[in-house]
Amino acid sequence: MRRHLFEGLIRKPLTEPAPRIDDVATAELAASLDRTARKRLGRSLSIRAVDAGSCNGCELEIIALNNAFYDLERLGLRFVASPRHADVLLVTGPVTKNMREALQRTYHATPDPKWVVALGDCAADGGLFAGSLACIGAVDAVIPVDIHIRGCPPSPRQILAALLALLET
Ligand code: SF4
């Protein structure tokens with residue numbers, strides 16, 4: 001028993017090491033996104049996230065953008081609670097039949113100019129849920145989409161890079 005406790009104290013944790021993230025490159029990417037938003041819009045970018053039926057994996061990556069590591073708000077990019085305050089709708093998941101009307105109403109409530117970003121494989125083509133009786137499928141089957149971000153789920157850096165590409169077009 002004593003030996004077992006001692007081994008528990010000196011043994012390394014059985015978890016995998018965290019993936020290395022290039023902090024400087026991420027900060028530069030986010031700063032560049034903020035500069036471009038200010039040039040295009042005269043202010044920082046406001047994003048409204050809409051879950052149209054996802055498994056919440058994509059939401060975890062969106063939430064990561066606001067965590068202590070990425071800390072998106074320090075660069076002026078904000079997630080807003082109302083589509084009326086948003087420039088970008090960030091839509092996740094295959095659109096379920098129950099969410100179709102809510103998504104359309106959210107789209108119409110967002111003032112022009114606006115961009116729609118379909119986030120994740122499910123938002124692009126239904127992904128894992130394609131063909132489900134409960135789903136319509138891709139976001140662009142319901143509202144116009146400006147850019148797709150592929151991945152299941154895409155990483156926070158991919159999301160930042162896609163938002164930057166969107167504003168630079
Ligand atoms: S793309 Fe993957 S993580 Fe995102 S909602 Fe679909 S299954 Fe979930």
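Predicted model: local features only at pLDDT ≥ 70, side-chain atom pairs only at ≥ 80, totals over all residues.
Biologist: Why is strand 5 described as largely enclosed?

Modeller: Five of the five residues of strand 5 (residues 115–119) are buried, so the strand is largely enclosed by the rest of the structure.

Biologist: Which strands pair with strand 5, and over how many bridges?

Modeller: Two strands pair if DSSP finds at least two bridges between them. Strand 3 (residues 88–92) runs parallel to strand 5 and is joined to it by five bridges. Strand 7 (residues 147–149) also pairs with strand 5 in the parallel sense, over three bridges. L119 has I149 as its bridge partner in strand 7.

Biologist: What is the order of the strands in the sheet, and which strands stand at the edges?

Modeller: The sheet is open, has five strands in the order 2-1-3-5-7, and pairs in parallel. Strand 2 and strand 7 are at the edges with a single partner strand each, so one side of each has no neighbour in the sheet.

Biologist: How many helices and strands does the whole protein have, and what is their order?

Modeller: There are six helices and seven strands, and from the N terminus on they run α-α-β-α-β-β-β-α-β-α-β-β-α. The C-alpha trace spans about 65 × 45 × 25 Å along its principal axes, and buried residues make up 44% of the 169 residues. Contact means heavy atoms within 4.5 Å. Among contacts between residues at least 6 apart in sequence, 80% join residues at least 24 apart.

Biologist: Which residues of helix 4 are buried, and where do they lie around the axis?

Modeller: In helix 4 (residues 100–109) the buried residues are L103, T106, Y107 and A109. They cover an arc of only 165° around the axis, which puts them on the same side of helix 4; the arc is that of the directions from the helix axis to the C-beta atoms. The exposed residues R105 and H108 are carried on the face turned away from that buried side. The buried residues pack against strand 1 (46–51), strand 3, strand 4 (95–96) and strand 5.

Biologist: What does A109 touch, and how buried is it?

Modeller: A109 is buried, with a relative accessible area of 17%. Leaving aside residues up to four places away in sequence, A109 touches P83 and R84. The C-alpha atoms of A109 and A86 are separated by 9.4 Å, although these residues are 23 apart along the chain.

Biologist: Which residues of helix 3 are buried, and what do they pack against?

Modeller: In helix 3 (residues 57–64), the buried residues are G57, C58, E59, I62 and A64. They pack against strand 1, strand 2 (78–79), strand 3, strand 5 and helix 6 (156–168).

Biologist: Which charged end sits over the ring of Y107?

Modeller: A charge sits over a ring if NZ of Lys or CZ of Arg is within 6 Å of the ring centre and within 35 degrees of the ring normal. The charged end of K114 sits over the ring of Y107, 4.0 Å from its centre.

Biologist: Where do the cis peptide bonds lie, and what is the phi of N56?

Modeller: The peptide bond from D112 to P113 is cis, with omega near -5°, and P113 lies in the loop between helix 4 and strand 5. Another cis peptide bond joins C152 and P153, with omega about -10°; P153 is in the loop between strand 7 and helix 6. N56 has a positive phi of about 85° although it is not a glycine. N56 is in the loop between strand 1 and helix 3 and is partly exposed, with a relative accessible area of 40%.

Key:
Residues numbered from 1 in each chain as written. Heavy atoms only, no water. Buried < 20%, exposed > 50% of the residue type's maximum accessible area, 1.4 Å probe, protein only. Helix = DSSP H or I, 4+ residues; strand = E, 2+ residues; numbered from the N terminus.
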